[in-house]
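Here is a short briefing on one protein model. Look at the structure first, then read the points below.

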Amino acid sequence: RTAGRYTIETEGPTDLVMSLLSAAGGLVAQDDDSGVDRNPRIVSDLTPGKYTVQVRHFNAAGGTGKYGIKVSKA
């Protein structure tokens, strides 16, 4: 891929928290409710490389639900 500003967001009725991690496991960004409804949305300037997107339910004690995830480049 190429360097640039990327948007990573979820959609759906589930209240989520999302983290973007570098290849080494360092936290690049984290979000709870910046997207539509209670969905997380991360906008970050990224360089080429591998990243991990970690998505979890806001209710860490056992929440469940459906969601979709989308990555786009601005």
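**The largest pocket**

The largest pocket is lined by 14 residues, and Arg-1, Tyr-6, Leu-46, Tyr-51 and Val-71 lie nearest its centre. On a 1 Å grid over the protein atoms alone, a pocket is an open set of points with protein on both sides within 12 Å along at least five of seven lines, and lining residues have an atom within 4 Å of a point. This is a predicted model: local features need pLDDT of at least 70, side-chain atom pairs count only at pLDDT 80 or more, and totals for chains, interfaces and linings use all residues. Residues are numbered from 1 along each chain as its sequence is written, and side-chain values use heavy atoms, without hydrogens and water.

**Pocket lining**
- Strand E1 (4-11), strand E5 (51-57) and E6 each supply at least two lining residues. Strands here are DSSP runs of at least two residues, numbered from the N terminus.
- E5 gives the largest share of the lining, 3 residues.

**Leu-21**
- Leu-21 sits in strand E2 (residues 16-22).
- Leu-21 counts as buried because its relative accessibility is 19%. Buried means under 20% relative accessible area, exposed over 50%, and partly exposed in between (1.4 Å probe, protein chains only).
- Leaving out residues up to four places away in sequence, Leu-21 touches Gly-26, Leu-27, Val-28, Tyr-51 and Thr-52. Contact means heavy atoms within 4.5 Å.
- Val-55 is 34 residues from Leu-21 along the chain, and their C-alpha atoms are separated by 11 Å.

**Ile-69**
- Ile-69 belongs to strand E6 (residues 68-73).
- Ile-69 counts as partly exposed because its relative accessibility is 46%.

Note on methods:
Helix = DSSP H or I, 4+ residues; strand = E, 2+ residues; numbered from the N terminus. 1 Å grid on protein atoms, 1.4 Å probe; cavity = no way out; pocket = protein on both sides within 12 Å on 5 of 7 lines; lining within 4 Å.
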